Amino acid sequence: MPNDTAGLIGIVIVGKAKQRFACVGLEPYTRTDGEKTMLAVWEAACRVCGLPFRQASSSRVVNPSGMTKTCQNHRKSKP
């Protein structure tokens with residue numbers, strides 16, 4: 001488990017469409033291979049309605065292009 005993940009809290013990243021993602025916390029996660037790691041919890045405003053939503057991602061890769069851009073109500077449903 002990386003020791004520097006606590007440094008992510010408070011970090012704000014901005015995507016191409018100027019959408020801001022703020023790291024608001026970390027949560028423990030156990031991978032399928034049994035290794036314990038941490039997930040970064042990000043908060044952003046839905047780009048459709050503006051309501052805040054949260055999502056988790058790997059704490060090792062911080063890339064806004066892979067982030068979800070909309071709240072649960074505005075995501076396209078997958079068949």
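Modeller: Happy to! Let me begin with a cut-off: a residue is called buried when its relative accessible area is under 20%. By that criterion, buried residues make up 30% of the 79 residues in the protein chain. Please keep in mind that this is a predicted model.

Colleague: What does the accessible surface of the protein chain come to, and how much of it belongs to carbon and sulfur atoms?

Modeller: The total is about 5,600 Å², and carbon and sulfur atoms account for 52% of that.

Colleague: Why are β2 and β3 called paired?

Modeller: Two strands pair if DSSP finds at least two bridges between them. Strand β2 (residues 20-30) and strand β3 (residues 36-45) have 8 bridges, so they qualify as a pair, in the antiparallel sense. Along this pair, Thr30 stands opposite Lys36 in β3, and Gly25 stands opposite Val41 in β3.

Colleague: What makes β1 and β2 a pair?

Modeller: The rule asks for at least two bridges; β1 and β2 are joined by 3, therefore they pair as well, and they run antiparallel. Here Val14 stands opposite Arg20 in β2.

Colleague: Which residues take a positive phi in the hairpins?

Modeller: In the hairpin of β1 and β2, with 5 residues between the strands, Lys18 has a positive phi near 70 degrees. The hairpin of β2 and β3 also has 5 residues between the strands, and there Gly34 takes a positive phi near 90 degrees.

Colleague: In what order do the strands form the open sheet, and which are the edge strands?

Modeller: The 4 strands follow the order β1-β2-β3-β4 in an open sheet with antiparallel pairing. β1 (12-14) and β4 (52-58) are the edge strands, as each pairs on one side only. Neighbouring strands of this sheet are turned by 40 degrees against each other on average, direction ignored.

Colleague: And how many of the contacts join residues at least 24 apart?

Modeller: Taking contacts between residues at least 6 apart in sequence, 31% join residues at least 24 apart. A contact here requires heavy atoms within 4.5 Å.

Notes: Residues are numbered from 1 along each chain as its sequence is written. This is a predicted model: local features need pLDDT of at least 70, side-chain atom pairs count only at pLDDT 80 or more; totals for chains, interfaces and linings use all residues. Side-chain values use heavy atoms; hydrogens and water are left out. Buried means under 20% relative accessible area, exposed over 50%, partly exposed in between (1.4 Å probe, protein chains only). Accessible areas come from the Shrake-Rupley method with a 1.4 Å probe; for residues, only the protein chains shown count as cover. Helices (H or I, at least four residues) and strands (E, at least two) are DSSP runs, numbered from the N terminus. Axes are lines fitted to C-alpha atoms, for helices over the stretch in contact, and angles run from 0 to 180 degrees between N-to-C directions.
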